[in-house]
Amino acid sequence: MKIAPSGPLIGPHSDIRFSVLGPVRLYKSGREETAGQPRQCAVLASLLLRAGRPVSLSKLVEDVWGDEAPPSAIGSVRTYIYRLRRALGERSDSSLSLVDGGYLLRIPPDALDLNRFKERAARAREARGTGDLATAASLLTEGLDMWKGEALAGVPGPFADQQRRVLGELRLACAEEQLACEVERGRYAEAAAELSALHVEHPLRERVCGLLMTALYGAGRQSEALTIYHTTSHLLRQRLGVSPSKELQHVHERILSGRLRLPADTERPVGGRHITSFRAPAQLPAALPELVGREEEREQVERLLAEAEASSSMAVCVVGGVAGVGKTAFATTVAHRLADRFPDGQLFADLYGDGAGAEPRDPAGVLADFLQSLGVRPEAVPETTRARGVMFRDLLAKRRTLVVLDNARSADQLKHLLPGSPGSMALITSRMQLHAVVAAYQALPLTLLPLSQADARGLLARRLGASRTAAEPEAADRIVRLAGHLPLALANIAARAAYSPQMPLADVADEYAAAGRTSLDAFTSEDDPVLDVRASLARSYRLLDPEAASLFRALSAWPGSVFAMSDAASMAAQPEQRVRRTLARLIHAHLVSEIVPGRYHWNRLVAAYAAEQAGADRSTARAEAVSHDPPHDL
């Protein structure tokens, strides 16, 4: 199927391109140009989506304002048209002109991402019609990769609202079709992972439910498939007052009786011609000599893996906690402990989601590294992120692999990096709470708390020697309190004390206490940034939005480590309802924890960092005020 041209067809290198599958954007010679303010983007969207037909001035006004157009609307639209013409330029292969009383935007078909998306969807239908499921899935994957969020994101007006619904349905149908191809190819475990996420977003979508049930059943997870059916059936009756369709009931009955006919799942060489020979990577960082405490948390991870093995599913664990609590150390140590249970290898990637790198790592780059580590030739690595993810899961199908993803920023960064196969495991660390991952993959959320007094003293004893800490128990307890029970701060103190074995621990504690309650100077490390507590907390702070950062600084005025919602509202000088929403973002970043509803706690060193930032903010404000003072007359 070919798309009817709306102007001269010039091939794949149009000098101007437009994007509507996400925010409305305009590109000239590969560089993004401003598409103007939201209402100008609404005019551009109206012209782009009219399929090369003239659009009258009155229709453009209606598209942008509906029935509430102000008297100035016609003049505003004319201004937007003028600006768009200037943006296109005279030498462009796209043009905007007045034709038959309306404005006509002529563009090459390939200049609009929506047209390219539709073209791939049409080719995929043809491929599927001939039984070429692999090609169909690949084309649909390429099309879905073109989406950069909700269509026409941020564009106002009734026309944009209507098109968002239409295009959203088109995207969802394409996603269903792509996953249906994967299920029909017998890629049950891989499809189940993505269908689970899609089902969370669209719990009443019966085709998604049916595909997910089939994929789960094909992956040997019959009980989960039946649970999905009962949940969807209940929601349909509760929200819509209808029963599941006959098709969905048929799938349920066949699964219940164990007679659901599955697509052929023939054995094939994993990776095909793309791989020279499968390699079992061993990428885990060096294990720590010891990990004090955390026995309960380790047992939870091992129990999760045992349950996943029993149910033939993938195990996913998300390790979170405040900066310096030892998330990476815990994940690495546990991974080494479990490594023997994953004979097909262990993969590791630092995703730089903690702000330590310039930007969080692009999943496409991580996947390229993973694929080559597994034996894929560099020239055979696919171009798109989604296609790389499909190949990655294909390589790991029917294998047992451990994937450790350190410092994740968001669920979106992770969705293509999870192995998907039964018996495999993903161990993730993040400074943010990853609710979407927990919901979509039934992941275990494991929040590490600061060490108990006994475990913290045990860490000091391991680092400095049991005899040294036993000789000065009160000084050791004081050091633990000064370090806020955080492993990173304790390691910092222990490293300094180890270089002065003759110094009494009481003197070490005095040195750190002398810095005062609101200073982290004693916990800095110029020669080893890994031990720098201030730098670690700074990375969490930089991830906050301005409003959350402002509340974080304001909370430093509170003298204790526990505060109520009313206290936070008073310090922020804002209504409790607004502060509650902002506090949720500090909890999401593991900088504050909620003990019971309405009461909150933060670590001593986190409070000290907040006080430093509050002082820096006041100094900046004073400097700006002085710089704006009028000069005094002499």
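Arg-377 counts as partly exposed because its relative accessibility is 30%, a class that lies between buried (under 20% relative accessible area) and exposed (over 50%), as computed with a 1.4 Å probe on protein chains only. Its side chain meets that of Glu-379 in a salt bridge of 2.9 Å, N to O, where a salt bridge is a side-chain nitrogen of Lys or Arg within 4 Å of a carboxyl oxygen of Asp or Glu. Glu-379, in turn, counts as exposed because its relative accessibility is 62%. This is a predicted model, in which local features need pLDDT of at least 70 and side-chain atom pairs count only at pLDDT 80 or more, while totals for chains, interfaces and linings use all residues. Residues are numbered from 1 along each chain as its sequence is written, and side-chain values use heavy atoms, with hydrogens and water left out.

The structure holds 35 salt bridges, and one of them joins the side chains of Glu-302 and Arg-337 at 2.7 Å, N to O. That pair links distant parts of the chain, with Glu-302 in helix H11 (residues 295-310) and Arg-337 in helix H12 (residues 327-338), 35 residues apart; helices here are DSSP runs of H or I with at least four residues, strands are runs of E with at least two, and both are numbered from the N terminus. Arg-585 and Glu-547 also meet through their side chains in a salt bridge, at 3.1 Å, N to O, and this pair likewise links distant parts of the chain, from helix H25 to helix H23, 38 residues apart. Salt bridges that share partners join Arg-128, Glu-169, Glu-176, Glu-177, Glu-184, Arg-205 and Arg-207 into one network.

Which residues of helix H24 (residues 565-572) are buried? They are Met-565, Asp-567, Ala-568, Ala-569 and Ala-572, and they pack against helix H23 (546-554), strand E12 (562-564), helix H25 (576-588) and strand E14 (599-601). Just after H24, Ala-573 takes a positive phi of about 55°.

Strand E13 (residues 593-596) pairs with E14 in the antiparallel sense over three bridges, pairing being counted when DSSP finds at least two bridges between two strands. Val-596 stands opposite Arg-599 in E14, and the two strands form a hairpin with two residues between them, where Gly-598 in the turn has a positive phi of about 90°. Val-596 also belongs, with Val-562 and Ile-595, to a nonpolar patch on the surface. Val-562 lies in strand E12.

Leaving aside neighbours within four places in sequence, Leu-586 is in contact (heavy atoms within 4.5 Å) with residues including Leu-544, Ala-548, Leu-551 and Phe-552.

Residues 24 or more positions apart account for 70% of the contacts with a separation of 6 or more.

Definitions and conventions: Patches are made of residues with over 30% relative accessible area and no salt bridge: like charges are joined within 9 Å, nonpolar side chains (Val, Leu, Ile, Met, Phe, Trp, Tyr) within 5 Å. Accessible areas come from the Shrake-Rupley method with a 1.4 Å probe; for residues, only the protein chains shown count as cover.
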